[in-house]
Amino acid sequence: MKTFPLATIAALAILGSASIEASEPNIVNGRIERVEPEGSLQNWIDRQVANLQSPAWIAYSVPMLEGAKGSCCCSDGGWTDCRLETGGSVKSDTTENHRPVDLEEPGELVVFLRAAEGRVQRIRLFSAGCRVDAGGRTVLWLGATDPEESLAFLDSVVAPKSEKSSASRGLTDAALAAIAFHAAPRAFGLLSGYASDTSNSIHLRKQAVFWAGELYQPKSLPLLRQVLAEDPSLDVRKQAVFAISLGSGEEATRTLIELARTNASKEVRKTALFWLGQRAGRAAADTLTDAVDSDPEIEVRKQAVFGISQLPPEEGIPLLIRIARTNRAPAVRKAAMFWLGQSDRPEVIDFFEEVLRNR
């Protein structure tokens, strides 16, 4: 069971419930103005942004990737209005008329672009049906938009793809997330290009790797294996291991096991063992135990002990007790004792009583 994909939680929190029709977004505290763009989407946005006299939001919808799920903004257990201008959310009523339904089927992704000072400053993403607080701004609504035109525009936001300031990096990250959620074949092609081109920034490669693993497994596994084999950055390779761990299928588990057993990098092996520890199953337990007993690096063996501690107690506790009793490496036995000390299960207490009696 995976317990640590915090980035996944944060990413899905920006999405809301689905609407099959490209109806107007559910805007409060703002004014919707319907517009019909002429020419390509990118050229129209460029012209519009250049001519705006005050900040405004441009919004359009595209089909959302099948299998993507999310819900509208919530806080302290209640549904809220998502805020465009300041980020976050504001408290809303929770009547049945306004309570969103979790997304179960493919729907529409609504892309919001904040335009001011002659440029797109911010991108926000929601599913159709979310109540969105526009902060008193006008929302120029383009309606349903050709996904290929949308991808071309978003790709232009991602480029140039070198290291950027934190402000422009945030815009790039949002554009990358929007690309990932498009229900269009070219979306995965763009992610693959960002991830595999080592002339791109490390940050961009890591973000592309994450989205490929989060939304496109098992299709993305060859790409992630390529990144592990070829990317010069250890940070990117470790991100690829994490991205593989986001998959729930047997192929993802087998890939993690292979990495934990055979990868030449100590850090990659440690990362694979960490994420294996979040997955229950005999294969994961066997691989972790093998690493404890035979990996040539003591730090990898200690990481494997931690991985065992993350298994369900009925699997992990007996293995930790065996390691604490029999492993030849003092550092490994010490690690097992430490993680056993985090449990109050009766068999652990019995083991510590036995150790104390025999001192």
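What share of the contacts in the chain with a separation of 6 or more comes from residues 24 or more positions apart?

1. Let's start there. Residues 24 or more positions apart supply 70% of the chain's contacts that have a separation of 6 or more. Keep in mind as you look around that this is a predicted model.

2. Now the overall make-up. You'll find 15 helices and ten strands in the chain. Of its 359 residues, 50% are buried.

3. Next, have a look at a pair of helices. H5 covers residues 185–196 and H6 covers residues 202–215; they pack at an angle of about 140°, and their axes are 8 Å apart. That angle is why H5 counts as oblique to H6. The crossing of H5 past H6 is left-handed.

4. Who meets whom in that pair? On the H5 side you have Phe188, Leu191, Tyr194 and Ala195, and on the H6 side Leu204, Arg205, Ala208, Val209, Trp211 and Ala212. Sorted by type, the residues of this contact are nine nonpolar, one charged and no polar.

5. Then zoom in on glutamate 85, in the loop between strand S5 (78–83) and strand S6 (89–91). Is glutamate 85 buried or exposed? Its relative accessibility is 18%, so glutamate 85 counts as buried, the cut-off being under 20%.

6. Leaving aside residues up to four places away in sequence, glutamate 85 touches Trp57, Arg114, Arg122, Asp133, Ala134, Gly135 and Arg137.

Key
Residues numbered from 1 in each chain as written. Predicted model: local features only at pLDDT ≥ 70, side-chain atom pairs only at ≥ 80, totals over all residues. Heavy atoms only, no water. Axes fitted to C-alpha atoms, helices over the stretch in contact; angles between N-to-C directions. Helix = DSSP H or I, 4+ residues; strand = E, 2+ residues; numbered from the N terminus. Parallel < 35°, antiparallel > 145°, perpendicular 65-115°, else oblique. Left-handed = near helix turned anticlockwise from the far one by under 90°. Contact = heavy atoms within 4.5 Å. Nonpolar A, V, L, I, M, F, W, Y, C, P; charged D, E, K, R; others polar. Buried < 20%, exposed > 50% of the residue type's maximum accessible area, 1.4 Å probe, protein only.
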